[in-house]
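Here is a short note for someone opening this entry for the first time.

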Number of protein chains: 2
Amino acid sequence: MAASWVPDVDPSSDFSLANIPFGIITTQDDPAPHAAVAIGSHVLDLKVLAANSDLTKLFPGIDGLAEIFSQSSLNAFAQLGRAVHRQVRGAIQDLLSTDTQHPEVLRDNAELRKKALLPQRAVKMHLPMEIGDYTDFYAGFHHARRVGGMFRGMDNALQPNYLHLPVGYHGRASSVVVSGTPVRRPVGQILLDKDPVPVTAPSRKLDFELELGCFIARPNDMGSAIPVDEADEGHIFGYVLLNDWSARDVQAWEYVPLGPFNGKNFATTISPWVVLADALEPFRARPLENQTQLQQYLGEIQPPLQQYLREKRRDGVFDIQLEVELTTAEGDTTTISRTSSTNLIWSFPQMIAHHTLGGCPLRTGDLLGSGTISGQGRLESGSLLEMSENGWRVVELKGMDARTFLKDGDTVTLRGFCGVDGGRVGFGACEGRVYEALQKVTD
Amino acid sequence: MAASWVPDVDPSSDFSLANIPFGIITTQDDPAPHAAVAIGSHVLDLKVLAANSDLTKLFPGIDGLAEIFSQSSLNAFAQLGRAVHRQVRGAIQDLLSTDTQHPEVLRDNAELRKKALLPQRAVKMHLPMEIGDYTDFYAGFHHARRVGGMFRGMDNALQPNYLHLPVGYHGRASSVVVSGTPVRRPVGQILLDKDPVPVTAPSRKLDFELELGCFIARPNDMGSAIPVDEADEGHIFGYVLLNDWSARDVQAWEYVPLGPFNGKNFATTISPWVVLADALEPFRARPLENQTQLQQYLGEIQPPLQQYLREKRRDGVFDIQLEVELTTAEGDTTTISRTSSTNLIWSFPQMIAHHTLGGCPLRTGDLLGSGTISGQGRLESGSLLEMSENGWRVVELKGMDARTFLKDGDTVTLRGFCGVDGGRVGFGACEGRVYEALQKVTD
């Protein structure tokens, strides 16, 4: 990958020229949310670029981009489909390369550079997509197994359906917020000790969940399924980090028999930059697979996958290095977990094929969560539930502090990247700070 | 209630002058979806009315209605709040009354009557709201108890949380369709007999669910709960009938531990006319109550409700007469169930208070389902699962036919109304026909 002429692109930046993620910004000069891409510690304002250059020359054959880059979400851009995303990202990579074919547009145009190339700290990020529906899967094998084992013993850790289908549930789209949004500790019904009657109180077991999120590009018609081998090229727009905040005590009491509800619907945070599907292509890897790797954990041969879940490709997931940082109110930051997205047992194409098997319509902008991603070790966990073994062990922090679950004032930051310095494809921070509950006790 | 001058308002019509429900139509002259109200077997086209009369005289003090009535959903109207809905509905009732205060606007204006008052059969109905999120509760006491008893025995029929909180789950907003939309039998993973390995096949246990749906008017801020006594006046727009189509075999295999997914997300049908909250006010009734009526079923005194669920009013639900008709492909129609919405254990204000307890934001246009409404008797059931006892008993139909679950070509029609002939407040039909699955066997 060529170098960029943009100043100060730190080699360790998530936003190298190999990335070019898309987001929605507002700026000091323009309070209407609109599209931008990230490059190093800067953003390129695509609305300003469109207003000051000939887009038909930069992106030949693609109509309406100026209008699309002025919209308050990336939905219209996502709907154009993968071939257009590929072409636009490629053209922007060229524009920002030292040896660009169009030096006059930006590289050598000081006036436009000043207007269109802004420091990231000078812009405000917004939700990148208008999210119709949000679905959260449970494809993190070690998470599902460890949590199941905690409550049912390791012999019954995985439910009978777990290896046959990507288990998932419908989440709450209205509660998805962009990185940096404050997260209020939820009040809920919880059981204390052995009392069979609940109390209404702030959650005592507030947790994070380290996940990957996937945005849908093109929709499917209601009643028609998306074949697993067509899901990637035909329907995936890009990826974000996702923190599915969870109140474990609320969830434990409410979830039978219809699944998580208030234990999850108070907030889900996503990173602001959508890493396009093409940017992750060089970092493909094999997921945990039912017939081979899983055997070492489960000790028996698993039945073959249902036909609709069998992918032609064997490298359906990505090898993204993932980290969780916890920053205390006092400002001490500890990286409490390091893991990889290869710990997923299902790829997003498999999740999409399953989601639409019965004809459920996915729409442009819909968000799919992977489920919590954990490695095998306790300190590779994607949640405090696992790290603290449901509150029985403390997680040591810098500053002589420790946690079982989150305290008010804590900030959780998810990070993720692929590749080596100078060519990193990363997500930036997905962060949220916990604020105290509005009511202390209501009953 | 005064009589209407509109011709042929059948006394048994759901759409008496006491109702005035709102919907979204297209007409032969105007293919852009816009607002209307129903009166008898006619609709009053509000966009045409607005374009041809002085709305400031009809609806004094309310700005922007002409623009709002031209929109493709009722969301902007809903967001105006209950006081405005009350005033607008009252003014339309006056306009359509024999003794209207504004006879010149419509009653005595043959030209406008011809353009604005159209036979219902001449217009096409659309989804009335743009639905952000759809939540389905489980507040039908006899349904929850009977289904629970079927799978766990009557002594353990209700889960420990059931009497403490309105159990609910997040549904799939993209799959909500308006009455009349074809419903494709879903393909899914199902277990056959005692085989522990699933097959992928069309559902053999396709079912309906008789529910009431509630639309949200004004939103709450993220992080702030809606007090139960403020939910009705402050946040409820109106009601529809709702059929949450369910594939029982798909659901049974997939639902542990995160709840229903593909078993429900292929289609949910709603009736097209939103009956405003005020239209149902005269038909209030007491729900099943934890401390009193429930004792006769459960044989023990229940603990008091959590404070946030205690309503000042004791008549939080409505006494709506509900019916389910099944029409075979041959055209024989049987009313297979008759029940009432007083069989709900939770009111919608209680559902809203619970939904927002942890701060989950509800938005204008969000849809809440009540859960399946069943009476005590088998033929008062809101689902075939209950009527057929999960396939063990047949439900007799006219035409020498019978069902355990739905066949391709069956049409299910939900109906509901309050009040006596001449002043009925009803919903019209909520109907859908089942079409054969796209793939017979894939594995």
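1. Asp366(B) and Arg172(A) form a salt bridge, with their closest N and O atoms 2.6 Å apart. The term stands for a side-chain nitrogen of Lys or Arg within 4 Å of a carboxyl oxygen of Asp or Glu. Between chain B and chain A the count is four salt bridges.

2. This is a predicted model, in which local features need pLDDT of at least 70 and side-chain atom pairs pLDDT 80 or more, while totals for chains, interfaces and linings use all residues. Residues are numbered from 1 along each chain as its sequence is written, chains are lettered from A in the order in which they are written, and side-chain values use heavy atoms, without hydrogens and water.

3. In the interface, 67 residues of chain B are in contact with 67 residues of chain A (heavy atoms within 4.5 Å). The two chains bury about 5700 Å² between them, 57% of it on carbon and sulfur atoms; this is the accessible area (1.4 Å probe) lost on being put together, summed over both.

4. Chain B superposes on chain A by a rotation of 180 degrees with 0.0 Å of shift along the axis, at RMSD 0.0 Å (least squares on C-alpha atoms of residues with pLDDT of at least 70 in both). That is the relation of a two-fold axis. In chain B, the C-alpha nearest the axis belongs to Gly259(B), 2.1 Å away from it. The copies meet through the same surface, because 100% of the interface residues of chain B are also interface residues in chain A.
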